[in-house]
Amino acid sequence: MAPIAVGDVIPDGTLAYLDEADKVQSVNIHSLAAGKKISSSASPVPSPSLAVNDPFVMKAWAKTYPENKDVLFHADGSAKYTHDLGLELDLPEKGLGTRSKRFALLIEYLKVKAANIESGGEFTISSADDILKAL
């Protein structure tokens, strides 16, 4: 599958997160992003974040960045949404399963306006600062 690109509409899907009572909740991607301009990132210290991980790990990660009160940390534990984006990275030779490439997307009204997708293990274009330059 080709990776998501500028001009594409983001696929619909479901992500998970833990609420304040530590109960697993799910959120529909199109409902979350409809009518908004958002950035989404699978890179260290992101703005809205998506990771191939479980909601418990994502909440723990969010707690390590208490200054980021407006950042949403969402889990894609099975990597289904990451696959739908065409951004999965399979690393069994490194003792890992399916993960996500590092990327940052700028999305306006469900349509990709900028797509910064890293090659290999690089971290050169997918930071929050990098994607915000596309605004």
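1. **Leu132.** Leu132 sits in helix α4, which covers residues 128-132. Helices here are DSSP runs of H or I with at least four residues, strands are runs of E with at least two, and both are numbered from the N terminus. The relative accessible area of Leu132 is 43%, so Leu132 is partly exposed. On this scale, buried means under 20% relative accessible area, exposed means over 50%, and partly exposed lies in between, with a 1.4 Å probe and protein chains only. Leu132 and Ala114 are 18 residues apart in sequence, and their C-alpha atoms are 9.5 Å apart in space.

2. **What kind of model this is.** The model is predicted: local features need pLDDT of at least 70, side-chain atom pairs count only at pLDDT 80 or more, and totals for chains, interfaces and linings use all residues. Residues are numbered from 1 along each chain as its sequence is written, and side-chain values use heavy atoms, with hydrogens and water left out.

3. Start with strand β1 (residues 14-18) and strand β2 (residues 24-28). They pair in the antiparallel sense, over five bridges. To count as a pair, two strands need at least two bridges found by DSSP. Ala16 stands opposite Ser26 in β2. Five residues lie between the strands of this hairpin. In the turn, Asp22 has a positive phi of about 60 degrees.

4. How many bridges join β8 to β9? Six do, and the strands run antiparallel. Glu108 stands opposite Lys111 in β9. This hairpin has two residues between its strands. Tyr109 takes a positive phi near 55 degrees there. Leu110 lies in the loop between β8 and β9 (111-117). Its phi is also a positive value, near 75 degrees, in a residue other than glycine. Is Leu110 buried or exposed? Leu110 is buried, because its relative accessible area is 17%.

5. **Ala79.** Look next at the loop between β5 and α3, where Ala79 lies. Ala79 is not a glycine, yet has a positive phi of about 65 degrees. With 4% relative accessibility, Ala79 counts as buried.

6. **Thr82.** Thr82 belongs to helix α3 (residues 80-85). Thr82 has a relative accessible area of 1%, so Thr82 is buried. Which residues does Thr82 contact, leaving aside neighbours within four places in sequence? They are Leu50, Val52, Asp76, Leu87, Glu88, Arg99 and Ser100. Contact means heavy atoms within 4.5 Å.

7. **Ile38.** Strand β3 (residues 37-41) holds Ile38. Ile38 counts as partly exposed because its relative accessibility is 21%. Not counting residues up to four places away in sequence, Ile38 touches Ala33, Leu105, Leu106 and Ile107. Ile38 and Ala5 are 33 residues apart in sequence and 15 Å apart in space, C-alpha to C-alpha.

8. **The cores.** In soluble globular proteins, nonpolar side chains tend to be buried together. A nonpolar core here is a set of buried Ala, Val, Leu, Ile, Met, Phe, Trp, Tyr and Cys residues joined through side-chain atoms within 4.5 Å. The largest such core has 16 residues. Ile4, Ile10, Tyr81, Leu85 and Phe103 have the most contacts inside it. The elements giving two or more residues to this core are α1 (29-33), α3 and β8 (103-108). β8 gives the most, with three residues. A second, separate core has seven residues, including Ala16, Ala51, Met58 and Ala75.

9. **Ile10.** Ile10 belongs to the largest core. Its contacts, not counting residues up to four places away in sequence, are Ile4, Ile29, His30, Ala33, Tyr81, Ile107, Leu110 and Val112.

10. **The largest pocket.** The lining of the largest pocket has 19 residues. Glu20, Lys59, Ala62, Val71 and Phe73 lie nearest its centre. β1, α2 (55-63) and β5 (73-75) are the elements that give two or more residues to the lining. α2 gives the most, with five residues. A pocket is found on a 1 Å grid over the protein atoms alone: an open set of points where a 1.4 Å probe fits, with protein on both sides within 12 Å along at least five of seven lines, and lining residues have an atom within 4 Å of a point.
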